[in-house]
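Subject: Structure handover

Hello,

The structure is placed below, and my notes on it follow. Please read the two side by side.

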Amino acid sequence: MGDNVQDPSLNTQDPQVLISKLRSNAGHWHQLGKLLPILYSKGIDSNMVAELTGINPADQNSWIVAGTVYDSIAAGGKVRKGGSG
C-alpha cells in the first residue's frame with residue numbers, strides 16, 4: 001500500500017495550487033482525491049473546498065475512500081496505474 005503515501009512535494013505546495021488543480025480537474029480522480037486530506041490538514045474544510053472547486057463534500061469523501069481502494073487494488077497489480085477512468 002505504499003502508493004497511498006502522499007507525495008511529500010504536495011504537502012509543501014501552496015493550498016491555492018492544490019485548489020487550482022482540483023478546480024481544473026488536472027489529473028485523474030484518484031490522484032486529485034489525494035489533494036483533499038492535504039487541504040484539510042491546512043485548515044481548509046470540505047465546505048470551503050466545495051465553494052472553491054465545485055466538488056461537493058460527498059464527492060470529496062467518495063474520492064478519498066475510493067482512492068484508497070483504488071491504490072490497494074493497484075498495489076496488487078489488478079489495475080494499471082495512471083490509466084483512464
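Helices are DSSP runs of H or I with at least four residues, strands are DSSP runs of E with at least two, and both are numbered from the N terminus. This is a predicted model, in which local features need pLDDT of at least 70 and side-chain atom pairs count only at pLDDT 80 or more, while totals for chains, interfaces and linings use all residues. Residues are numbered from 1 along each chain as its sequence is written, and side-chain values use heavy atoms, with hydrogens and water left out.

Overall make-up

The protein chain has six helices and zero strands, so its pattern along the sequence reads α-α-α-α-α-α. Of its 85 residues, 28% count as buried (buried is under 20% relative accessible area, exposed is over 50%, and partly exposed is in between, with a 1.4 Å probe and protein chains only). A contact means heavy atoms within 4.5 Å. Among contacts between residues at least 6 apart in sequence, 58% join residues at least 24 apart.

Helix 2 against helix 5

Two packed helices are described by the angle between their axes and the distance between the axes. Here helix 2 (residues 15-23) packs on helix 5 (residues 46-53) at an angle of about 60 degrees, and their axes are 9 Å apart. That makes helix 2 oblique to helix 5. The axes are lines fitted to C-alpha atoms, for helices over the stretch in contact, and the angles run from 0 to 180 degrees between N-to-C directions. Angles under 35 degrees count as roughly parallel, over 145 as roughly antiparallel, 65 to 115 as roughly perpendicular, and the rest as oblique.

The crossing of these two helices is right-handed; that term applies if the near helix is turned clockwise from the far one by less than a right angle, and left-handed applies if anticlockwise. Helix 2 contributes Ile 19, Leu 22 and Arg 23 to the contact, and helix 5 contributes Val 49, Leu 52 and Thr 53. Sorted by class, the contact of helix 2 with helix 5 has four nonpolar residues, one polar and one charged. In this sorting Ala, Val, Leu, Ile, Met, Phe, Trp, Tyr, Cys and Pro are nonpolar, Asp, Glu, Lys and Arg are charged, and the others, Gly among them, are polar.

The nonpolar core

A nonpolar core is a set of buried Ala, Val, Leu, Ile, Met, Phe, Trp, Tyr and Cys residues joined through side-chain atoms within 4.5 Å. The largest one has 13 residues, and those with the most contacts inside it are Leu 18, Leu 22, Leu 35, Leu 39, Val 49 and Trp 63. Helix 2 and helix 4 (35-41) each supply at least two residues of this core. The largest share, four residues, comes from helix 4.

Leu 39 sits in helix 4 and is buried, with a relative accessible area of 0%. Leaving aside neighbours within four places in sequence, Leu 39 is in contact with Pro 15, Leu 18, Ile 19, Leu 22, Ile 44 and Val 49. The C-alpha atoms of Leu 39 and Leu 18 are separated by 7.6 Å, although the two are 21 residues apart along the chain. Ile 38 is also in helix 4 and counts as buried at 3% relative accessibility. Leu 35 touches Leu 10, Leu 18, Lys 21 and Leu 22, not counting residues up to four places away in sequence.

Helix 6

Gln 60 is found in helix 6 (residues 57-75) and is buried, with a relative accessible area of 0%. Beyond residues up to four places away in sequence, Gln 60 touches Leu 36, Tyr 40, Ser 46, Val 49, Ala 50 and Ile 55.

Ser 62, also in helix 6, is partly exposed, with a relative accessible area of 40%. Its C-alpha atom is 9.9 Å from that of His 30, which is 32 residues away along the chain. Val 65 lies in helix 6 and counts as partly exposed at 45% relative accessibility. Val 65 and His 30 are 9.4 Å apart, C-alpha to C-alpha, and 35 residues apart in sequence.

A backbone detail

Most residues other than glycine have a negative phi. Asn 25 has a positive phi of about 55 degrees although it is not a glycine. Asn 25 lies in the loop between helix 2 and helix 3 (29-32).

Regards
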